[in-house]
Amino acid sequence: MIFNSTIISNNSFYRAELASFLAPVVGQMESKWKRCHSALSNGWRPKTFHKNCDNKKHTVTIIKKGTYIFGGYTDIPWDSTSRRMRRGNTLKAFIFSLKNSEALPPFKCLAENKRNAIYMSSSYGPSFGAGPFLYIVSQSQSMAVIADPYSVPKEVTRKETVLAGTPLFTADNYEVFYLA
């Protein structure tokens, strides 16, 4: 898969793992992904993320916090037409980890049921789960916890800290790509 990501482009292992996670849902290993948002380039405001990424189907969010790299995928387009929260229902969404605090190999967490797979609000950037539990609001206001509706691999000992080392974190960067 072709990603022009500043977070993973120099690591062929991470690119290959992400490609293997995405292949079952997008149906092709040689797909091309175009970046619609980078926090470092475009800013951290949710409004900017939504201006760049709303109405794009099949998006991948890649988040970097220190040495940890994780994110999520959804086939549902982001939507910020209201400040009120709207939940997106799909069984194709998932959360993934490429490098985590438990030194586990890369893994993905599938949606066990379609309810509340993503969370859409003009006040939030990309957000996954019923809480939401994986979200970006600003650089210093982010959360990474694996929770409903996502499965937790049995090897994970602490679903609250495995992705970013702590539940609440300050992100170094995040990028969002859509299937071109």
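1. Let's begin with a cysteine. Cys36 is buried, because its relative accessibility is 10% and buried means under 20% relative accessible area, with exposed over 50% and partly exposed in between (1.4 Å probe, protein chains only).

2. Before going on, a word on the model. This is a predicted model, in which local features need pLDDT of at least 70, side-chain atom pairs count only at pLDDT 80 or more, and totals for chains, interfaces and linings use all residues. Residues are numbered from 1 along each chain as its sequence is written, and side-chain values use heavy atoms, with hydrogens and water left out.

3. Which cysteine is the partner of Cys36 in a disulfide? The partner is Cys53, and the two sulfur atoms are 2.2 Å apart; a disulfide here is a pair of cysteine sulfur atoms within 2.5 Å. The pair links distant parts of the chain, 17 residues apart: Cys36 sits in strand S1 (residues 33-38) and Cys53 in helix H3 (residues 46-53). Helices (H or I, at least four residues) and strands (E, at least two) are DSSP runs, numbered from the N terminus. The torsion about the S-S bond is about 105 degrees, so this disulfide is right-handed. A search of the whole structure finds 1 disulfide. Cys53 is buried too, at 0%.

4. Now look at helix H3 itself. Of its 8 residues, 6 are buried, so H3 is largely enclosed by the rest of the structure. The buried residues are Pro46, Thr48, Phe49, His50, Asn52 and Cys53. Their cover includes S1, helix H2 (39-42), strand S9 (134-138) and S12. After H3 comes Asn55, with a positive phi near 70 degrees.

5. How many salt bridges does a search of the whole structure find? There are 2, where a salt bridge is a side-chain nitrogen of Lys or Arg within 4 Å of a carboxyl oxygen of Asp or Glu. Side chains of opposite charge can pair when their charged atoms come close.

6. One of these joins Glu175 and Arg35, with the closest N and O atoms 3.2 Å apart. Glu175 lies in strand S12 (residues 173-179) and Arg35 in strand S1, so the pair ties together parts that are 140 residues apart in sequence. Glu175 is buried, at 0% relative accessibility, whereas Arg35 is partly exposed, at 34%.

7. Lys154 and Glu155 also meet in a salt bridge, at 3.4 Å from N to O. Lys154 is exposed, with a relative accessible area of 77%, while Glu155 is partly exposed at 44%.

Definitions and conventions: Contact = heavy atoms within 4.5 Å.
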